[in-house]
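Hello,

Here is the structure I promised to pass on. Please have it open while you read the notes below.

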Amino acid sequence: MIYYQDENVLIRNMEPADGQVFTDGEIAQGWHASVEKYEMRIKDQAEGKCVALTAEYLGQPAGYVNVYYPELEGPFAGQGLPVIVDFGVLQKYQRRGIGSKLMDAAEQIAAGYADTVTLSVGLHNGYGSAQRMYVKRGYIPDGSGVWYNGKPCTPYDTISNDDDLVLYMSKKLK
């Protein structure tokens, strides 16, 4: 299915071949990546658990995002809200509006489930661009503080600043 298209960008459902392209691109950027993550997203999409999106730029897979329904973990669990998971644009395609178009499509899909969408964002500097974008798009922290490995941190916890250290946020869509 096509969710968006203009002269440069096409947003469509993720396909099996996309996973290897993203994995190779992320490894080239120095990220920890494996094709299994993308295979899981495609499997979840086939099972109706999510919508997995790929953005193409001039015909090449450039970015991805997934919308799951409902949120199964974190402070929004059990509230029947959709969650945006695993958003990324390969560095060589950044600053072309691809991320904004992916988020527009993800939010449009989420709006079909509820009037609010949720997400979590990592706190180390590798997530800096995403942190800024989410705030500019109107996402606000939920107020539960920082979470690590799926659990809220208590004051003065000793934790690692890795990909599992996150802040949960939400945005009203309607």
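Helices and strands here are DSSP runs, helices (H or I) of at least four residues and strands (E) of at least two, numbered from the N terminus. Please keep in mind that this is a predicted model.

**Overall**

The protein chain has 4 helices and 9 strands. Their order along the sequence is β-β-α-α-β-β-β-α-β-α-β-β-β. For 174 residues, a compact globule would have a radius of gyration near 16 Å; the protein chain has 16 Å, so the two agree. Along the principal axes, the C-alpha atoms fill a box of roughly 50 × 35 × 30 Å.

Of the 174 residues, 45% count as buried. Take the contacts between residues at least 6 apart in sequence: 62% of them join residues at least 24 apart. The accessible surface is about 9300 Å², and carbon and sulfur atoms account for 52% of that. On charges, there are 16 positive and 22 negative, with mean positions 6 Å apart.

**Aromatic pairs**

The count is 9 aromatic pairs. In one of them, Tyr57 and Tyr93 have ring centres 6.0 Å apart and planes at 55°, so this pair is tilted. Tyr57 sits in strand S3 (residues 50–57), while Tyr93 lies in the loop between strand S5 (83–89) and helix H3 (98–111). The two are 36 residues apart, and the pair links distant parts of the chain. Both Tyr57 and Tyr93 are buried.

Tyr69 and Tyr113 form a stacked pair, with 4.4 Å from centre to centre and 10° between the planes. This pair also links distant parts of the chain, its residues being 44 apart. Tyr69 is in the loop between strand S4 (60–68) and S5. Tyr113 is in the loop between H3 and strand S6 (116–122). Tyr69 has 34% relative accessibility and therefore counts as partly exposed. Tyr113, at 39%, counts as partly exposed too.

There is also a cluster: ring pairs link Phe22, Tyr38 and Tyr64.

**Helix H1**

Which residues of H1 (residues 16–28) are buried? They are Asp18, Gly19, Phe22, Thr23, Gly25 and Glu26. An α-helix has 3.6 residues a turn, so residues three or four places apart point the same way. The cover over the buried residues of H1 includes strand S2 (9–13), helix H2 (35–46), S3 and S4. Phe22, one of those buried residues, belongs to the ring cluster above. Gly30 follows H1 and has a positive phi, near 90°.

**Backbone points to check**

Most residues other than glycine have a negative phi, and most peptide bonds are trans.

- The peptide bond from Tyr69 to Pro70 is cis, with omega near -10°. Pro70 lies in the loop between S4 and S5. Tyr69 is the residue in the stacked pair with Tyr113.
- Leu58 is not a glycine, yet its phi is positive, about 50°. Leu58 is in the loop between S3 and S4. With 55% relative accessibility, Leu58 counts as exposed.
- Tyr156, likewise not a glycine, has a positive phi near 70°. Tyr156 is in the loop between strand S8 (151–152) and strand S9 (165–172). Its relative accessibility is 83%, so Tyr156 counts as exposed.

Best wishes

Key:
Residues are numbered from 1 along each chain as its sequence is written. This is a predicted model: local features need pLDDT of at least 70, side-chain atom pairs count only at pLDDT 80 or more; totals for chains, interfaces and linings use all residues. Side-chain values use heavy atoms; hydrogens and water are left out. The radius of gyration is taken over C-alpha atoms; the globule rule is 2.2 Å times the number of residues to the power 0.38. Buried means under 20% relative accessible area, exposed over 50%, partly exposed in between (1.4 Å probe, protein chains only). Contact means heavy atoms within 4.5 Å. Accessible areas come from the Shrake-Rupley method with a 1.4 Å probe; for residues, only the protein chains shown count as cover. Lys and Arg count as positive and Asp and Glu as negative; His and the chain ends are not counted. The place of a charge is taken as NZ of Lys, CZ of Arg, CG of Asp or CD of Glu. Rings of Phe, Tyr and Trp (its six-membered ring) pair if their centres lie within 6.5 Å; planes under 30 degrees apart count as stacked, over 60 as edge-to-face and the rest as tilted.
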